[in-house]
Amino acid sequence: KKKIAVMTSGGDSPGMNASVRAVVRAGIYYGCDVYAVYEGYKGLLEGGSLLKKMEWSDVRGYLSEGGTLIGTARCMEFRERWGRKQAAKNLITEGIDALVVCGGDGSLTGADLFRHEWPSLLEELVSDKVFTEQDIEPYKHLNIVGLVGSIDNDMSGTDSTIGAFSALERIIEMVDYIDETAKSHSRAFVVEVMGRHCGWLALMAGIATGADYIFIPERAPKCGEWQKELKEVCQRHRDKGRRNNTVIVAEGAIDDQLNPITSENVKDVLVEMGLDTRVTILGHVQRGGTAVAHDRWLGTMQGVEAVKAILEMTPETPSPLIGIRENKIITMPLVESVKLTKEVASSIDNKDFDKAISLRDSEFIE
Ligand code: ADP
C-alpha cells in the first residue's frame, strides 16, 4: 500500500486547505494511506505526533477555512543536511516514500533538494546503523510533487498560484472601502500591497479598482522622473472631476536604478501636490479570510492531480510541479520552474525588466 504524506510550508495562503483535503481524499480513493505533516518541515524533522495518518472525515469542512489547518512554519533546520537526514529517518520509520508539498519557491526548492539527496541520506542512515539495507530496500526513491501555494502569484510556468486570487479579492475589497472615505474627504491614498518581488497583486488590484497609478517591480520607472509623471497623472484625473486618488504600491516596487519605491516616498510626492494624503499598508489581512472559488477549485484539482502523478511516477520521472495554464491543470518539472522563477528575480536585479516579464510568462514543454 502506497503511503503519501501531504504538507503545507512557507507563507500560508487561502486554498491550501482545499489542496490538503484533495490529497487526503484522492489518496484514500486510490487505495493509499495518507499522512498529514503538521507545521511544515518542522513536522518532518520532529515526526511523532506531527506526522498523523488522516481519515476521510479528518478533512471535513476544510474547503471553507482560510489559512492552513495543518499548520506551516519556517524551519531553519531543514536547510541543513542533518535536518533533512532526520526528516528522512522519520519518513522511513512511518513507511512513507511520497511527499506532496504545497508551498512557495523556498519550500519547493527544499523539497527538490531533499529528493536529490535522498539516496545518500539513506546510505548514511544505514552506515549509522539506524536502518539495515533490508529496511531501506522499499524506499530507494522519494517521490515529491509540488503544488504552489502562495498569495504572490510569483511562480513561473503557472498562471495562478493557490491563494493569489483570494488575496486579490481581499485587496480590492479594502481599496473599495478606502476609496469611499477618500472621496468623502477629497483625499489621496497610497495603498501598499504584498507580493514580495512580484507585482501581480498590485497590478491586478490596480486594474480592478481603477487606481490612478501602480508601482510594480517588473515595470520600474525611471529614477528621479517618476515623480513628475505621477503628479501629472493624478492632476489629470482630478481635472476630470475625480475626487480621490489611489496609488497602489507593490511591496517590492523599485525604480530602474533598483532603489526601493516605498509608500512613504509616494506619499511625499502627493503631499507636494498639495493633496491630503494617507498611507495604508494592508499587511496580513491580505492573507486572511476564506479562499475564493478559484482557489478552492485550483487546490482541489491540483491535489487530485498530485496523487495521480505519484501513482504514475517512475524513479526516472523528474519531480513534478502541478500548475495551471490556460485553464488546464498541467504538470511540469519542478526544478525548471523554480530555476526560471529565480531567473526572473535576477533579471530584475540586472535591470533587464523585459526579460523578467517574458520569463514570468514563459511556456513550458511538458
Ligand atoms: P516559501 O516556501 O513561501 O517561499 P520560505 O522561503 O521561507 O517560504 O521557505 C519555507 C521553508 O522551506 C524554510 O523555512 C525551509 O525550511 C525550507 N527551505 C527554503 N529554502 C530551502 C533550501 N534552499 N534548502 C532547504 N530548505 C529550504
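Leaving out residues up to four places away in sequence, cysteine 234 touches Ala188, Asp212, Tyr213, Asn245, Leu270 and Met273. This is a predicted model, so please read the contacts and angles here as computed from it. Cysteine 234 sits in helix α8, which spans residues 226-239. Is cysteine 234 buried or exposed? With 20 or more other C-beta atoms within 10 Å a residue counts as buried, and cysteine 234 is buried because it has 22. For a sense of distance, take lysine 42: cysteine 234 and lysine 42 are 192 residues apart in sequence and 48 Å apart in space, C-alpha to C-alpha.

**The four-stranded sheet**

Four strands form an open sheet with parallel pairing, in the order β7-β8-β6-β9. Its edges are β7 (213-215) and β9 (277-281), each of which pairs on one side only. On average, neighbouring strands here are turned by 15° against each other, ignoring direction. Inside the sheet, β6 (residues 188-193) runs parallel to β8 (residues 245-250), and six bridges join the two.

**The seven-stranded sheet**

A second open sheet has seven strands with mixed pairing, and its order is β3-β2-β1-β4-β5-β10-β11. Here the edge strands are β3 (51-53) and β11 (328-333), each pairing on one side only. Neighbouring strands of this sheet are turned by 25° against each other on average, direction ignored. Strands β1 (residues 3-8) and β4 (residues 98-103) pair in the parallel sense over five bridges. Threonine 8 has cysteine 102 as its bridge partner in β4.

**Helices across the sheets**

| Helix | Lies across | Angle |
|---|---|---|
| α1 | β1, β2 (33-37), β4 and β5 (143-148) | about 175° to β1 |
| α7 (residues 200-209) | β6, β7 and β8 | about 165° to β8 |
| α9 (residues 263-272) | β6, β7, β8 and β9 | about 165° to β9 |
| α11 (residues 334-349) | β5, β10 (320-325) and β11 | about 90° to β11 |

Which residues touch the most other members of the largest nonpolar core? They are Val6, Val23 and Val100, in a core of 62 residues. Helix α1 (residues 16-29) gives the most to this core, with seven residues. Valine 100 is in contact with Ile4, Val6, Val23, Val145, Leu147 and Ala306, leaving aside its neighbours within four places in sequence. Another core, of 43 residues, lies apart from this one and has among its members Phe165, Leu201, Val249 and Ile261.

**Around the ligand**

Finally, let's visit the ligand. How many residues surround the ligand? There are 17, and the closest are Gly10, Gly104, Gly106, Ser107 and Gly110. Helix α4 (residues 105-127) gives the most to this shell, with six residues. Sorted by class, the shell holds four nonpolar, 10 polar and three charged residues.

Note on methods:
Residues are numbered from 1 along each chain as its sequence is written. This is a predicted model: local features need pLDDT of at least 70, side-chain atom pairs count only at pLDDT 80 or more; totals for chains, interfaces and linings use all residues. A residue is near a molecule or strand if its C-beta atom, placed from the backbone, lies within 6 Å of it. Ala, Val, Leu, Ile, Met, Phe, Trp, Tyr, Cys and Pro count as nonpolar, Asp, Glu, Lys and Arg as charged, and the others, Gly among them, as polar. Two strands pair if DSSP finds at least two bridges between them. Axes are lines fitted to C-alpha atoms, for helices over the stretch in contact, and angles run from 0 to 180 degrees between N-to-C directions. Two residues are in contact if their C-beta atoms, placed from the backbone, lie within 7 Å. A nonpolar core is a set of buried Ala, Val, Leu, Ile, Met, Phe, Trp, Tyr and Cys residues joined through C-beta atoms within 7 Å. A residue is buried if 20 or more other C-beta atoms lie within 10 Å of its own, exposed if 12 or fewer, and partly exposed in between; C-beta atoms are placed from the backbone.
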